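Notebook open, model on screen.

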Amino acid sequence: MAKLVFIRHGQSQWNLSNQFTGWVDVDLSEKGVEEAKNAGKLIKEAGLEFDQAYTSVLTRAIKTLHYVLEGSDQLWIPETKTWRLNERHYGALQGLNKKETAEKYGDEQVHIWRRSYDTLPPLLKATDEGSAANDRRYADLDPRIIPGGENLKVTLERVIPFWEDEIAPKLLDGKNVIIAAHGNSLRALTKYIENISDADIMDVEMATGQPVVYDLDDKLNVVSKTKLGD
């Protein structure tokens, strides 16, 4: 039986300041560092050992993974970074304060942008300042697949191919896997492996810095799910 662990990055600087983050490369806050270190202790105490780690190409997730692996004496394991595990791209909302945006556009509209499964936020153009098209870490991607904004549905569509091609084969081979990523990329994976409906997935919360442990059978069905630290 393979084990799969999800961990959303620790609190970021923009989580702290209540800003839409998305693909903007924001660092962990002091609290976020402590959350990540504590997650490493919880994983060590639980006796969880991994064969492979995955994370996004964003600093807050990468650092969280490293703190977790250091705290559990597993910094040596193979690690793969991919843009497909990035946070959902919030388009032109990125960098805006959530409270101020709600005051401008109304609570209902902002709630739809944040929580609707298939409603896109206002989009960024490739020529706009802050577009991921101008970021060197995405230079090898076809410009047509670099998003100007995403909803959870689109996030799911770019996460699942990586799951099927890279992560699932490891689990099917009996390897234990840890994924340090983001609220929405992990929510997308949660929806997929737990077969959660489009409506219900929007109520699923991913706490910062909390390891979620799955036991999976030989067909990758969920046998059990545990949140460490609860």
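Started at Ala 53, which stands opposite Glu 79 in β3. This is a predicted model, so I keep that in mind throughout. To get from β2 to β3 the chain goes through helix α3 (residues 59-71), a β-α-β crossover that is right-handed.

Next I checked the other neighbour. β2 is joined to β4 (residues 177-181) by 4 bridges, again running parallel. Here Ala 53 has Ile 178 as its bridge partner.

Are the faces of β2 covered or open? I find both covered: in this strand (residues 52-55), Gln 52 and Tyr 54 are buried on one side, and Ala 53 and Thr 55 are buried on the other. A reminder to myself: side chains in a regular strand alternate between the two sheet faces.

Then I moved on to the largest pocket. I noted about 330 Å³ of space in it. Two elements give two or more residues to its lining, α5 (107-115) and α7 (183-194). α7 has the largest share, with 3 residues.

Which residues lie nearest the centre of this pocket? I wrote down Arg 8, Glu 87, Tyr 90, Lys 98 and Arg 114, out of 20 lining residues. Sorting the lining by class, I got 8 charged, 8 polar and 4 nonpolar residues.

Terms used. Residues numbered from 1 in each chain as written. Predicted model: local features only at pLDDT ≥ 70, side-chain atom pairs only at ≥ 80, totals over all residues. Heavy atoms only, no water. 1 Å grid on protein atoms, 1.4 Å probe; cavity = no way out; pocket = protein on both sides within 12 Å on 5 of 7 lines; lining within 4 Å. Points joined across faces, edges and corners; volume = space filled by probe spheres on them. Nonpolar A, V, L, I, M, F, W, Y, C, P; charged D, E, K, R; others polar. Buried < 20%, exposed > 50% of the residue type's maximum accessible area, 1.4 Å probe, protein only. Pairing = 2+ DSSP bridges. Right-handed = clockwise from strand over helix to strand, strands pointing away.
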